[in-house]
Amino acid sequence: MGKTAVALAIGLVVFICAAWQSPPASQANGKTSPTFYKDVLPILQDHCQVCHRPGEVAPMPLVTYEETRPWAPAIAHAVGMKMMPPWFADARYGRFANDSSLTDHQIETITAWAAGGAPAGESKDAPLPRKWSEGWNIPQPDLVVKMPKPVEIPAHGEVEYTYEIVPTHFAEDRWVQMSEFRPGSAAHVHHAVVYIRPPDSEWLRHAPVGEPFTASTLTDPAERRQAHETTSDLLLVYAPGSAPDQWPDGMAKFVPAGSDLVFQMHYTTNGTAAQDQTSIGLVFAKTPPKQRVITLQLNQHALIIPPGADDFRVEVQGSLPNDATLLSFFPHMHLRGKRFEYDIVHDDGSVEVLLRVNYHFHWQLSYKLAEPRLLKAGTKLRAIAWYDNSKNNPHNPDPTKTVTWGDQTSDEMMVGFFDVAIPARMDKWKFFERKPSASASRPN
């Protein structure tokens, strides 16, 4: 039902519900209570076990009846409040392939099961167990790339963005169809980006390879500035709650032969010192794809959020320089984030909302379109973010502060990542060669 940070919420729910003694199994309104094996287990398999199984990030497995039964009241409360599974897209806009939310009928089923005493039912009614790749939510990776050296994370204070460059040693170009980020210390990883640095790139070329470093430890002033500025392709973006990248057949991300992967890690402290040695798993396309996936972004670095503002709006627009197929979205803000929206602004001034998210800092989800959408060159895309910098925001570290762009969670960001597919042999620079008729600012 969810991943690390807001999995804490279910612990709170358990505390709230601890005094609730489940009633005995009975019939209500002439209807037999749902049972675990026949009615509840299929829901858990489809919506919860991705995280609630042994070895995964959720605090308790929900695979067997014996594991699930003690949590029945808490599960019923969490799904009834729509706290679990985590899903924050406004249902009025768009359809998404990874929509993990439960239907009203599924919520009623779990609630009635718990209220009826959480009966097991007949084990013969159980669906076949889900088959999971051990340690992964993608098929068993063809290659696992691990940061060579662990990063020491202090118990307190702010941690500068930490980098680690890992050579791939690829002798030939590779196409990555699936990838998954596995943090070594999930409780400390605020977010991370894995960049593809091709062999001809000068980005961070004098930085150490195979060991952690920060911008401030670099001796070259130009490279200290470059650490936060790159045009390199993104292989993978991660934040708590984000799903692995799994592209349809015929689509993949491109990693040139001889490339390095650059891990950019943002750690936060929580009172306990730790080590992190993150890995990513890669599944290669079995045949060369027809389309290349690239990750673009609409961002606004010039945001200035006044003290006490409870619904502050920040907007950025851009237009596509060439045709592209829109695949997915990944909005990113910090503790004052409230809502995030992606739109198409049509030539007649009308606005089509593609996604509106009631933002949750601890669950930065990706939203994958159920039907990829072809966007023509010149399509105007807009991202809007709203922030709550007031005392009513329980996550706000300081409502008296004027907030600007910055790396730390006490600062803010406004980044609307989105994935598009373009012809396989078109590189990012070629994609940005704008046709004469496609004017206006471009996404990054």
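Figure 1. Helix 4 is followed by Lys82, and the phi angle of Lys82 is positive, near 60°. Most residues other than glycine have a negative phi, and most peptide bonds are trans. Helices and strands here are DSSP runs numbered from the N terminus, with helices (H or I) of at least four residues and strands (E) of at least two. You are looking at a predicted model, in which local features need pLDDT of at least 70 and side-chain atom pairs count only at pLDDT 80 or more, while totals for chains, interfaces and linings use all residues. To find your way, note that residues are numbered from 1 along each chain as its sequence is written, and that side-chain values use heavy atoms, with hydrogens and water left out.

**Figure 2. Helix 4 is mostly covered.** How many of the nine residues of helix 4 are buried? Seven of them are: Ala72, Pro73, Ala74, Ile75, Ala76, Ala78 and Val79. Buried means under 20% relative accessible area, exposed means over 50%, and partly exposed lies in between (1.4 Å probe, protein chains only).

**Figure 3. Helix 4 packs against helix 5.** Helix 4 (residues 72-80) and helix 5 (residues 104-115) pack at an angle of about 150°, and their axes are 9 Å apart. Helix 4 is therefore roughly antiparallel to helix 5. The axes are lines fitted to C-alpha atoms, for helices over the stretch in contact, and angles between N-to-C directions run from 0 to 180 degrees. Angles under 35 degrees count as roughly parallel, over 145 as roughly antiparallel, 65 to 115 as roughly perpendicular, and the rest as oblique. From helix 4, Ala72, Pro73, Ile75, Ala76, Val79 and Gly80 meet Ile107, Ile110, Thr111, Trp113 and Ala114 of helix 5. By class, this contact of helix 4 with helix 5 has nine nonpolar, two polar and no charged residues. Contact means heavy atoms within 4.5 Å. As for the classes, Ala, Val, Leu, Ile, Met, Phe, Trp, Tyr, Cys and Pro count as nonpolar, Asp, Glu, Lys and Arg as charged, and the others, Gly among them, as polar.

**Figure 4. Helix 2 also packs with helix 5.** The angle between helix 2 (residues 36-47) and helix 5 is about 130°, with axes 10 Å apart, and the two helices are therefore oblique to each other. On the helix 2 side, the contact is made by Phe36, Asp39, Val40, Ile43 and His47; on the helix 5 side, by Gln106, Thr109, Ile110 and Trp113. These residues of helix 2 and helix 5 divide into five nonpolar, three polar and one charged. Now zoom in on Thr109 of helix 5: Thr109 is buried, with a relative accessible area of 10%. Not counting residues up to four places away in sequence, Thr109 touches Pro34, Asp39 and Ile43.

**Figure 5. A cis peptide bond joins Met84 and Pro85.** Omega of this bond is about -15°. Pro85 lies in the loop between helix 4 and helix 5.

**Figure 6. Two cysteines, but no disulfide between them.** A disulfide is a covalent bond between the sulfur atoms of two cysteines. Here a disulfide is counted when a pair of cysteine sulfur atoms lies within 2.5 Å, and the structure holds zero of them. Cys48 is buried at 0% relative accessible area, and Cys51 counts as buried at 3% relative accessibility.

**Figure 7. His169 and Leu204 both lie in loops and have a positive phi.** His169, which is not a glycine, has a phi of about 60°, and its place is between strand 5 (162-167) and strand 6 (174-182). Leu204 has a phi near 50° and sits between strand 7 (189-197) and strand 8 (213-214). Which is buried and which is exposed? His169 counts as exposed at 70% relative accessibility, whereas Leu204 counts as buried at 0%.

Figure 8. Arg356 is in strand 20 (residues 351-358). Leaving aside neighbours within four places in sequence, Arg356 is in contact with Phe88, Ala89, Asp90, Arg92, Tyr93, Phe340 and Glu341.
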